[in-house]
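Morning, everyone. I'll take it one piece at a time.

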Amino acid sequence: MFQYDLVVVGSGPAGRRAAIQAAKLEKKVLVIEKGTRVGGVSVHTGTIPSKTMRETALNLSGWRERGFYGRSYRVKQEISADDLRRRLLITLDHEVDVLEHQFARNRVQQMRGRASFVDRNTLEIVKEDGEQLRVTTASVLLAVGTRPFRPDYIPFDHDRIIDSDEILEIKQVPRSMIVIGAGVIGVEYATIFSALDTNVTLIEPRDTMLDFIDKEILQDFTYQLRDRNMKLLFGQPVDKIEKDEGGKCRVTLKTGRTLTADMVLFAAGRMGATDTLNLPAIGIEPDSRGRIKVDPETFQTSVPGIYAAGDVVGFPSLASTSMEQGRIAARHAVGAPANEPPHFFPYGIYAVPEISTCGLTEEEVQQRNIPYECGIAHFRETSRGHIMGLDTGMLKMIFSLKTRRLLGAHIVGEGATELIHIGQAVLNLKGTVEYFVENTFNYPTLAEAYKIAGLDAWNRMGEAKKDTEVVPQPVG
Ligand SMILES: Cc1cc2nc3c(=O)[nH]c(=O)nc-3n(C[C@H](O)[C@H](O)[C@H](O)COP(=O)(O)OP(=O)(O)OC[C@H]3O[C@@H](n4cnc5c(N)ncnc54)[C@H](O)[C@@H]3O)c2cc1C
Ligand SMILES: NC(=O)c1ccc[n+]([C@@H]2O[C@H](COP(=O)([O-])OP(=O)(O)OC[C@H]3O[C@@H](n4cnc5c(N)ncnc54)[C@H](O)[C@@H]3O)[C@@H](O)[C@H]2O)c1
């Protein structure tokens with residue numbers, strides 16, 4: 001007889017959703033967390049802090065009002081690192097409080113310490129004071145997440161040459177910054193600091209960035225970044241990083257070019273936090289980035305009863321998808337199988353401006369040889385856009401010419417990460433261009449862009465033929 005039905009290692013989005021799901025099914029659940037507070041990367045160093053910092057930067061800089069009042073408009077003239085942190089601490093306290101309460105009312109037990117395997121059903125926990133104890137369990141969910149990739153050739157100093165965890169503790173908002181790695185993290189922070197008037201250079205070894213984004217949306221985004229003087233250097237691997245006598249950071253590229261800045265943010269991906277789990281004891285071997293392979297339907301590893309979910313299993317590495325993975329894994333672990341999640345999930349990049357996407361890009365539609373039509377709307381065509389003073393922002397939808405179904409929705413601009421859910425719903429419910437043409441949208445809203453883009457496509461697609469028309473169903 002084991003002490004627990006399920007032990008969850010890690011209290012990030014995957015771990016907490018899994019623990020609560022198993023507890024709701026009346027299973028005995030323990031969550032082991034090595035951090036000082038529950039919540040994982042998502043709450044303490046990743047999603048919530050970066051989005052809170054973004055919100056603070058946009059509010060204090062007056063960014064959203066500049067369309068009306070000009071580029072020199074500021075709400076607060078001197079924005080300090082403390083200004084950025086103040087809102088963060090309050091937000092984090094609320095998040096942790098909600099989580100603790102959820103665990104308590106669902107009778108999820110918690111233990112603070114670092115867990116590792118003794119065998120398939122036994123975990124050893126080392127507490128902060130060195131005390132060790134063991135627990136036994138029928139199943140284990142590894143929801144240990146990731147940490148920043150920190151190669152030896154980068155001279156991190158916790159002050160001016162930093163990773164994406166350390167950026168939350170900077171002492172001053174730098175006047176100039178070099179961001180290395182144009183992945184989602186690099187792009188988000190580069191554009192947030194640019195909105196704070198930091199002179200930002202973004203360096204990427206590959207010739208492109210954010211390859212999963214529709215090219216037309218990415219071009220619009222890139223244009224906006226260059227228009228506000230951000231420097232984007234693609235195809236430029238870094239050779240070395242040093243600090244000069246004055247404390248400035250000097251980055252030498254493989255091309256020989258040298259750049260200097262007050263601060264360097266190294267954001268070149270993340271590593272699965274699997275090195276201290278003693279995985280060899282149960283016969284699991286992670287890949288070179290510390291990730292664990294699982295069955296994509298159940299999230300069970302190659303070892304029966306051992307599950308992994310969230311960032312530690314790799315793509316898409318989102319808080320949103322991690323939660324669903326955790327829930328599915330927990331249900332399977334306790335013998336209550338779950339339905340497969342819907343095919344299309346949204347991806348939100350909280351850069352300034354935001355990008356959000358769901359479904360196929362135009363490039364993917366072309367690769368699949370699907371005959372298609374696109375509809376485009378610019379936010380400046382909507383009355384809400386006029387009221388908000390928006391001169392940028394666009395929505396693009398792609399429809400199949402054969403079935404008239406929506407294949408993809410892509411947005412760059414204010415509110416993109418909220419607006420995308422209309423497109424997501426239509427996609428997953430297999431809706432057609434007629435949905436946008438025939439339905440009434442609140443006015444004045446940015447959501448009206450869906451109507452405009454729908455009509456734009458429909459005008460070129462023409463009327464639906466009889467056999468492709470969707471027959472309306474009675475309600476109820
Ligand atoms: C800067 C940044 C911004 C992001 N922004 C977004 C966003 O806007 N939207 C979005 O959807 N996603 C975002 N993400 C991704 C999101 O944070 C992750 O997808 C999510 O946190 C993954 O959840 P998880 O449950 O896998 O684990 P994590 O949140 O990584 O948590 C893992 C937990 O496990 C604990 N742990 C690890 N090893 C052990 C051990 N041996 N014993 C005990 N405990 C252990 C850790 O202390 C940690 O608390 C962002 C990430 C970063 C870094
Ligand atoms: N809004 C969101 O949903 C959000 C926000 C932030 C992070 N995340 C998640 O966090 C994960 C990690 O993000 P990330 O941006 O760190 O990783 P990433 O893997 O997405 O991007 C890393 C970038 O760094 C580059 N790179 C790799 N090695 C390099 C090197 N040695 N030197 C210089 N550049 C190098 C890569 O070419 C790539 O462009 C992502 O998978 C993402 O899903 C999501």
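How many residues has helix H7, and how far does it reach from its first C-alpha to its last? Helix H7 covers residues 215-227, so 13 residues, and reaches 18 Å. That is close to the 18 Å expected at 1.5 Å a residue; the expected span is 1.5 Å times one less than the number of residues.

Some housekeeping. This is a predicted model: local features need pLDDT of at least 70, side-chain atom pairs count only at pLDDT 80 or more, and totals for chains, interfaces and linings use all residues. Residues are numbered from 1 along each chain as its sequence is written, while chains are lettered from A and ligands numbered from 1 in the order in which they are written. Helices (H or I, at least four residues) and strands (E, at least two) are DSSP runs, numbered from the N terminus.

Back to H7. Which of its residues are buried? Ile-217, Asp-220, Phe-221 and Leu-225. Those residues cover an arc of only 135 degrees around the axis, which puts them on the same side of H7. The arc is taken over the directions from the helix axis to the C-beta atoms. In general, an α-helix has 3.6 residues a turn, so residues three or four places apart point the same way. On the other side of H7, Gln-219, Tyr-223, Arg-226 and Asp-227 are exposed. The cut-offs: buried is 20 or more other C-beta atoms within 10 Å of a residue's own, exposed is 12 or fewer, partly exposed is in between, and C-beta atoms are placed from the backbone.

What covers the buried residues of H7? The cover includes H6, strand S11 (231-234), S19, strand S21 (394-400) and S22. Just after H7, Asn-229 takes a positive phi of about 75 degrees.

Next, the sheet. S19 and S22 sit in an open sheet of five strands, order S18-S19-S22-S21-S20, with antiparallel pairing. Two strands pair if DSSP finds at least two bridges between them. The edge strands, pairing on one side only, are S18 (347-349) and S20 (372-378). Twist averages 10 degrees from one strand to the next; axes are lines fitted to C-alpha atoms, for helices over the stretch in contact, and angles run from 0 to 180 degrees between N-to-C directions.

A hairpin joins S18 to S19 through five residues. Three bridges link S18 to S19 (residues 355-359). Ile-349 has Ile-355 as its bridge partner, and Gly-348 stands opposite Ser-356. On to S22 (residues 406-412): five bridges join S19 to it, with Thr-357 opposite His-410. Five of the five residues of S19 are buried, so S19 is largely enclosed by the rest of the structure.

Now the cores. A nonpolar core is a set of buried Ala, Val, Leu, Ile, Met, Phe, Trp, Tyr and Cys residues joined through C-beta atoms within 7 Å. The largest has 79 residues, and Val-264 is among those with the most contacts inside it. H6 (residues 184-195) gives the most, with eight residues. A second, separate core of 47 residues includes Ala-308 and Ala-329.

Last, Ile-292. Where is it found? In the loop between strand S16 (270-272) and strand S17 (306-308). Ile-292 is buried, with 24 other C-beta atoms within 10 Å. Beyond its neighbours within four places in sequence, its contacts (C-beta atoms, placed from the backbone, within 7 Å) include Leu-142, Ile-284 and Ala-308.

Conventions
Two residues are in contact if their C-beta atoms, placed from the backbone, lie within 7 Å.
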